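Here is a short briefing to read alongside the structure. It starts with the overall fold and then turns to the annotated sites.

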Amino acid sequence: GGASNADHAVQGTSNDAAVSRESAARLGYIEDPFIGYFVRPPQRRAPLINRGTFCRFHGVQNAMCQFAQALNATSSAPSLPDAAGPGQIVVLGAGFDTSYFILEREGLGVGRFFEIDFAEITAKKAATIYRHQPLKSLLPKDTKVALGGSELHSSRYSLISGDLREFRSQIVPKLVENGFDCSQPTLFLSECVLIYLDPQYSDEIIDWVTEAVANAAILTYEQIRPDDRFGQMMIENLRARQLELRGLHAHPTLESTSHRFLTRGWHASTAIDLADYHDRCIDDAERARLASLEFLDEWEEFTLLAQHYAFTFAHSKDAEPFSMLNPL
Ligand code: SAM
């Protein structure tokens, strides 16, 4: 069926995320040589936004790299260039996320990498990848364009179009057709996506993973505490930029975001808000480097903002004990 105005508004948020990431990359906060291809025109974000983007990137990269390294440590023979090695990463609502390219460039590619978003977004992403050699050259050699340009299929990287609200009926069959293997260790990632899904739909995704994938971990980065004054202001800001946005679903507390996974059968779950993550998980040398990039004097505002985002990390009983959220 045709996308509603609300769906268009949700899709528009992928540009916002990419613009912030490009701003942080251009100013030297994060190393992402790929995000620029997806952003036109670039915009410079405020220092506190760039600092937040840095923390978000730091947490996600940490989890992915640890996952990839744990897999490499357990697999014996080096895999053939286009043969799938162990492990899978699934990015829900991937937008213009560049993690696949960053991991490939670092030699940390996992067995299979899946990205899921609405067809409108995956079509733009696929077209951009094909227009830029630095992106295209990192695709597996057997990559094929499918579904009128809205999907990419290959032995190791798949860009899949669909609606996350139809996870079991639409997305799971496409994952399986593209080589998703329920017996592989799998890391799911969701960055600023669940807020747009009615909890009934995100619960369906979470439940499918617990039922189907024995060795699973999930990292979410989502807005929390929508009910206090600052939280309400943030939600209003989101809406002001995308007038059609409605039904935003942020978890009320830090505890509730991790508790959600425990009550739905996951083995362990931890959450940390971004303010704490900044204070406890970014080392002194890195913080000194950030201070040299841009002067940040709105510390109170940064802390307030950062208290309204959280990483939640949950895993099944069989999953490798990733510790990204517990270096504490
Ligand atoms: N994760 C990316 C990042 O951090 O850059 C994109 C974040 S963007 C704020 C939210 C993304 O979720 C958009 O690309 C949007 O299209 C996608 N999304 C939201 N609801 C979705 C749904 N029901 N089905 C598929 N994708 C969805």
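**Overall fold**

The protein has 12 helices and 9 strands, where helices (H or I, at least four residues) and strands (E, at least two) are DSSP runs numbered from the N terminus. Its radius of gyration is 19 Å, close to the 20 Å that the globule rule gives for 328 residues, so the protein is as compact as a globular protein of that length. The radius is taken over C-alpha atoms, and the rule is 2.2 Å times the number of residues to the power 0.38. This is a predicted model: local features need pLDDT of at least 70, side-chain atom pairs count only at pLDDT 80 or more, and totals for chains, interfaces and linings use all residues. Residues are numbered from 1 along each chain as its sequence is written.

**Packing**

- Buried residues make up 45% of the 328 residues; buried means 20 or more other C-beta atoms within 10 Å, exposed 12 or fewer, and partly exposed in between, with C-beta atoms placed from the backbone.

**Annotated sites**

- An unreviewed UniProt entry places "binding site" at Arg56, Gly93, Asp163, Leu164 and Glu191; such annotations may be inferred rather than shown by experiment.
- These positions span 136 residues in sequence, and the farthest two C-alpha atoms are 24.6 Å apart, so they do not all gather at one spot.

**Asp163 and Leu164**

- Asp163 lies in the loop between β5 (157–161) and α6 (167–177), and is partly exposed, with 18 other C-beta atoms within 10 Å.
- Leu164 is in the loop between β5 and α6, and counts as buried, with 21 C-beta neighbours inside 10 Å.
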